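Here is a walk through a protein model, taken one feature at a time. Have a look at it first, and then read on.

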Amino acid sequence: MSYLRFEKAVMTNLQESLRRELLRTNRSGAYSSSTLVDCNTRKYHGLLVVPVPELDDENHVLLSSLDCTVIQHGAEFNLGLHKYQGNTFSPNGHKYIREFDASIVPTTTYRVGGVILKKEAIFQAYEDRILIRYTLVDAHSATTLRFRPFLAFRSVRQFTHENMTASREYQTVDNGIKTCMYAGYPDLYMQFSKKNEFIFQPDWYRGIEYPKEQERGYASNEDLYVPGYFEMPIKKGESIIFAASTSAIKSSQLKKLFDDEVSLRVPRDNFYHCLVTAAHQFHNRKPNDDRYLLAGYPWFKARARDTFIAMPGLTLAIGERDYFELVMKTAEKGLREFMQNKPLSVKIYEIEQPDVPLWAIWAVQQYVKDAGKEEGYKRYGKFVADIVDYIIKGGHPNLLLKENGLVYADGHDKAVTWMNSMANGHPVVPRSGYIVEFNALWYNALKFCAAMYADQGKQKKADDLEQRAALAKQSFVETFVNEYGYLLDYVDGTNMDWSVRPNMIFAVALDYSPLSQQQMKSVVDICTRELLTPKGLRSLSPKSGGYNPMYVGPQTQRDYAYHQGTAWPWLGGFYMEACLKLYKRSRLSFIERQMVGYEDEIDYHAAMNVAEILRTLKLLEKYSYQK
């Protein structure tokens, strides 16, 4: 039985089906994304969305969608679906959907009278090529398929509109055509595994609307160019492969290529396998063989903080240590270049954020636990030592080591933590000064590096860092622990933030904590009472001022809610790690029940915050076998 399967009742109900989105990637930056009924609701949606480095650093929608029409006895049944202005949907192809199944390859089954047509879509790994297989499962009379491509050729941040500049020229290629609407873009190749007829019938489809953009108060309408349509007969039991790509392919290879790609996929038959599949979607390999982890689709690129936080969960937790090493090779190169004031040669963003070096050490720490001390120190020991030395010597422009042993960062005018939402040019949550998770990470880094030196027989260096850690521990408790049993979120002179926020959980979850056992238990208890939800930790307690958990409405409204009460699954991972650290096996059943809350989300969001959920599953396995 499929783990991700939706019946007709869900698929034909647009209120249900339009909010469920699907993403396919090629692990090199390109992707294909839409709703389950193939009705695009965002400007980021598209059947073939690719980076065009010759133009800019953004992704670009080349092929927005492909409408398939079933023709029998002269009657036409269009299976496409678009939303137009005035809340009008056309041509309402969703009403023919019988079911959707994503067990291995996302598959939509349509029924039109006696015709049963199955559509399977897959993105070729490391190539900018989407493949769609149409199979005529059943038909009682001669059947023809017609395919009408909707072209955009624009950045994911823009819209296209009817104009006289767009080129209508096309050339025939093997079982298809190639075309390019604007100079500077690559050619779009549209090919089939079967001989077909292309009817040149250029037209603009005007006023297509994207409701998700409308919700945010953005422009939400565009026009799409349709150059014509492809038409071919299909027999019962026959399969036809469609390919859209930035390069040509021999049409005779398409069927084998599709089968080969299917054989590489992990079945989505349980929660874990769905997470593994999702983890692989964040992979990003560049032509020079640099490896990255994208912070998320479809908006984000490779961001330094996200990379180091996600790396252990997306690689080590699923037994892919080799990919950790590949990503870390690229990330270490970028961080070293930043530390040496050199121009960045890697495409990692926000590497200047003050906590990035601290998260890099945490990521290495997880590697050492997985690979062993000998291998971990050999591979990354100098990297860790150099980062600690860099911070001690005051190398970072916005991570200052103070006399009390704590690190200080200025976040008054620019967001410097993971709570990075901005409004009107200023941080919504201006966390500045002694920031609680920065200093928890710093203490953990000092202790980890000291232990490494001790293991290597470098006792003098170990003793020096232990002294620094002891001072940081004393100052941490004096600065952050308050009489109510939780930790202040940040302290900047006389300005103290008493808001109950989840950032204090890191002071418990990290391997080395500056807190006593009782202080750790108090922090976990307050997080449990005020922040814990079935979907992770709230970013702010309902009892604190400014609580605003509803991430809806125009973008400005969303920015003000982003870190003011919304729940974050990745924080839940550290919460659960803190629980297991303190209470061991006695909390196993509680943690397992918490994980059920994440599993419920799999058919809505394809598992947000995948890395920490995977890492938590790995921790559960570890503690389950401990006696």
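**A guided look around**

Let's begin with R615, which sits over the face of F574, 4.9 Å from the ring centre. A charge counts as over a ring if NZ of Lys or CZ of Arg is within 6 Å of the ring centre and within 35 degrees of the ring normal. R303 does likewise with F300, here at 4.2 Å from the ring centre.

Before going further, a word on what you're looking at. This is a predicted model, in which local features need pLDDT of at least 70 and side-chain atom pairs count only at pLDDT 80 or more, while totals for chains, interfaces and linings use all residues. Residues are numbered from 1 along each chain as its sequence is written, and side-chain values use heavy atoms, with hydrogens and water left out. As for pLDDT, that's the predictor's confidence in each residue, from 0 to 100. The chain has a mean of 92, with 97% of its residues at 70 or more. Over residues 603-608, though, the pLDDT is below 50, and beyond near neighbours in sequence this stretch has 13 contacts in the model (contact means heavy atoms within 4.5 Å).

Now for the rings. Phe, Tyr and Trp rings (for Trp, the six-membered one) pair if their centres lie within 6.5 Å; planes under 30 degrees apart are stacked, over 60 edge-to-face, and the rest tilted. The whole structure has 30 aromatic pairs. One of them is Y170 with F200, a tilted pair at 5.2 Å centre to centre and 35° between the planes. Y170 lies in strand β14 (residues 170-173) and F200 in strand β17 (residues 197-209), so the pair ties together parts 30 residues apart in sequence. Strands here are DSSP runs (E, at least two residues), as are helices (H or I, at least four), numbered from the N terminus.

Y170, at 32%, counts as partly exposed, and so does F200, at 38%. Another tilted pair is W204 and Y225, with centres 5.6 Å apart and planes at 50°. This one links W204 in strand β17 to Y225 in strand β18 (residues 221-234), 21 residues apart, and both residues are buried. Y170 and F200 also belong to one aromatic cluster, along with Y134, F147, F192, F198, F230 and F242.

Next come the charges. A salt bridge is a side-chain nitrogen of Lys or Arg within 4 Å of a carboxyl oxygen of Asp or Glu, and the structure holds 39 of them. Take E238 and K194, whose closest N and O atoms are 3.1 Å apart. E238 lies in the loop between β18 and β19 (239-245) and K194 in the loop between β16 (188-192) and β17, so the pair ties together parts 44 residues apart in sequence. E238 is buried, at 18% relative accessibility.

D370 in helix α8 (residues 356-371) and R321 in helix α7 (residues 321-339) are 49 residues apart, and their side chains meet in a salt bridge of 2.9 Å, N to O. D386 forms a salt bridge with R336, also with closest N and O atoms 2.9 Å apart. D386 lies in helix α9 (residues 373-392) and R336 in helix α7, so parts 50 residues apart are tied together. Salt bridges with shared partners join E332, R336, K382 and D386 into one network.

Technical notes. Buried < 20%, exposed > 50% of the residue type's maximum accessible area, 1.4 Å probe, protein only.
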